[in-house]
Every structure is written in C-alpha cells, then in structure tokens.
Amino acid sequence: MVDLAAQLLGTMPATAVPPPLRGIAKFDPRKRAKLGSAPIAAQLENDKKFREAVAESIEKGWPELVASLAEGNAPPAADPVLVAAAAYLTRPPGWAEMVEMARVDLEQSAVAAEGSAQEATVTRLREQLAAQKTAAKEEGERLREQLKASRAENSDLRRKLHDARERLKAADRRADEMAHAAEEAKLAASTAGSAGESELRRLKERLADVERQLEASRRAAREGRSVEDSRIRVLLDALQDASAGLRRELALPTTISRPADSVAAVAPGVPTVRGVPARALADDDPQLLDQLLALPQVHLIIDGYNVTKTGYGTLTLADQRNRLMTGLGGLVAQTRVEVTVVFDGAELNAPVQVVAPRGVRVMFSAPGEIADDLIRQLVRAEPQGRAIAVVSSDREVAESVRRMGARPVQSALLLRRLGRA
C-alpha cells in the first residue's frame, strides 16, 4: 500500500496532494516509500479521499481482483499480500475478514516454506553425516594399514638393532684381541730397542776411538805442513767464519757432527718462554719483553689492533698501522727476531695496502674469521718447544695461547719498548 501511494504522489497535482505528504512528494521516487512510509500509512488510515485515490490506481492495475473482492470472493491463485492491500484500500463488504484470511494464508505459506527448508536442511545434514561416516571408515582403514606397516617396520628395525649389537660385540672382541697383540708387539719392540741402544753405545765408543786416532793423525800432519799450507788454512778459516756468520744471520741449523755429540748424556735445559727469566716475572713486568726478545729463534706474534688502539686510539686505522710498522722496523733491526703482526680483516670490504718493513710479516684474518683465531692458528703451527711470545691485552687470547705453550705479553710492554727504541 505504501509503495502504491508513493507512486501516486509522484503523479498527483501539487494542490491535490494531502498537506502532510507534500514534503514527501518532493523526495526521489526510489526513496519516497522508504523515507515516508509512516506518514503515508497514517494518511491512508485517516484520509478517506487519499485512500480512495490510491484504490483507483489499484482498480486500474488489477480490475479482475478488485471486481472479485467486491463480490466477496478472493481469487485462490492471487498473491495474499496483493489481496490484503486491495481489500484494505477498496473496503468491499467483509474486507477485514479478507485481510485476516490473507494474513492466515501468509502464515501458512511461511510455515510450509520453513518446513520445506528444515526438511532440506535435515536431508543435507544426513547426506553430510553419511559422507563423514564413509570418510571416517576410509580413514580408519588407512590408519589400520599404516599401523600394520609401522609394526612391520618396527619388527625389521628390532632385527637390525639385534644384528648391529652382535656386530658391535664382535668388533669389541676383535679390538681387545688387537690391543693384546699391540701390547705384545710393544713389549717386543721395547726389548729390541734396549738391545739396539746397547749396540749403539758400543758403536759410538768405537767411533770416538777412531775420531781420536784421526785427530792425532791431523795434529801430526799439521806439524809438518809448509808455509803455503798455513796460508791456505788461513783462507779456509776466513771462509768458515764467514759461513758461520751467514748461518747465524739466517738461523740455519748446523750439519757438522762433533765427537762429543756422540757421547750420551743429559743435556742442560734450553731457555724457553716458560722459564724466562730464572725468577718468575709478572705479565706486566717491564723486563719481561726484553728477556723474551733475548731468546734464540723467538717468534713474536702481535695482535695489531689491540696494540694500536691501546697506544694510538685517537688516530685512524691506517695511521695506527703505519705507526706500528715504523716502530717494529726499528725493533727487528735491533733484535733480529721473527715478528708477525695480525690484523682483524673480517669487516674489510677490500684488501688493505700495508707497507711492512723488512723482517715483519703482516697478516689479515679472512672473512668470517677474527684476528684472535688467526693468532691461535699461528701458535699451533709452530713446532713444540719453540719460544713464542704473543702480544695482546685480550684476556681470552692470553689464556688460550698460554695453554698452547706460548707466553702472553701485555700490549703496554711492547708500546713501552717501541717508545724506548
């Protein structure tokens, strides 16, 4: 009814529009029924003239329906909503009963539709339940197959474990047998070694006698030499001294055997980084570095940035390296020791150019590696027993190199020594 009235308002002359609905008549046709539903319904209830005007529009649209309602009959196939609206607007005899009958028809239709929807829902749920039961049955079958396969695999694994344990027991027995055989071989080798040492001592004694006889023959030959022989000997002595000096400078090992070398005895201990000096020195003792530099064939390994940042921390890294290289050049010239300087190169984007003085080896750690690890590799690379001193104030580095046989030295001692040089 509101829709019909809203359409009629758009076609009525302005003077014919009821005063309460004149403002609503100006609304957009698509919004008129929605926004003015309450005033339009009230006007239809209270204004007979306006209601009759709306009834005329429904008579024009559905004349057969209006005629049937006037005779007191409602078409069975007609829409109950349209029947109720036409009866309310045209007001034929018994229109209130017609509206009530339309309402009852609508309720019955709604109930029937709801029942159909519920029946469809029940049917759909039953289908879903049947599908879930089928899926659950299939899943159960699959799980039973998996359980059967797992049990078979478990049995196979247990058998393999038993076989492995048996092989392990057999290997243990073979290892015990081999250890017993090795012990017997060691005992036999020890017995043979004792016999060999006795034979070696006897041969050394014979060699000493022969060398004594040879020395006596040499003395007799020297006494009878001419002046030319003496001049040649002087030249040979000069060449020997020169070669000995070159050997000491290059730190070459001697290859000349002396008669006294063949005599077995306990040799005196040589100075090492653990025994310098005779009295114990603290790691911060100023004399420690001088004592270490005096050791023969000592290798001085320096944690570069640890030293430079301790002594020249305000300079740039390039200036720190150059200043350290300058000081180490003078130190190497004075002491002739082997010096290796290690810098941390893990964060470098490109190789760094460093002018190292003669006798100073400069190394940078590789990407992914820190200078501390490179220092430990250098210490491990040296032969057991060589004197090694590591200059770093890093406590972790000092403790690790000490365990490997090197002597840690604080960076301040090297800086003091370089300043003195």
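## Overall architecture

The protein chain of this predicted model contains 15 helices and five strands; helices (H or I, at least four residues) and strands (E, at least two) are DSSP runs, numbered from the N terminus. Local features require pLDDT of at least 70, side-chain atom pairs count only at pLDDT 80 or more, and totals for chains, interfaces and linings use all residues. Residues are numbered from 1 along each chain as its sequence is written, and side-chain values use heavy atoms, with hydrogens and water left out.

## Surface and contacts

Of the 421 residues in the protein chain, 26% are buried, that is, under 20% relative accessible area (1.4 Å probe, protein chains only). The accessible surface of the chain, by the Shrake-Rupley method with a 1.4 Å probe, is about 28800 Å², and carbon and sulfur atoms account for 55% of this area.

Contacts are defined by heavy atoms within 4.5 Å. Of those in the protein chain between residues at least 6 apart in sequence, 55% link residues at least 24 apart.

Strand 1 (residues 299-303) is largely enclosed by the rest of the structure, because five of its five residues are buried. In a regular strand, side chains alternate between the two faces of the sheet. Here H299, I301 and D303 point one way, while L300 and I302 point the other way.

Two strands pair if DSSP finds at least two bridges between them. Strand 1 pairs with strand 2 (residues 338-343) in the parallel sense over five bridges, with I301 opposite T340. Strand 1 also runs parallel to strand 4 (residues 388-391), to which four bridges join it; there, I302 has V391 as its bridge partner.

Terms used:
Buried means under 20% relative accessible area, exposed over 50%, partly exposed in between (1.4 Å probe, protein chains only).
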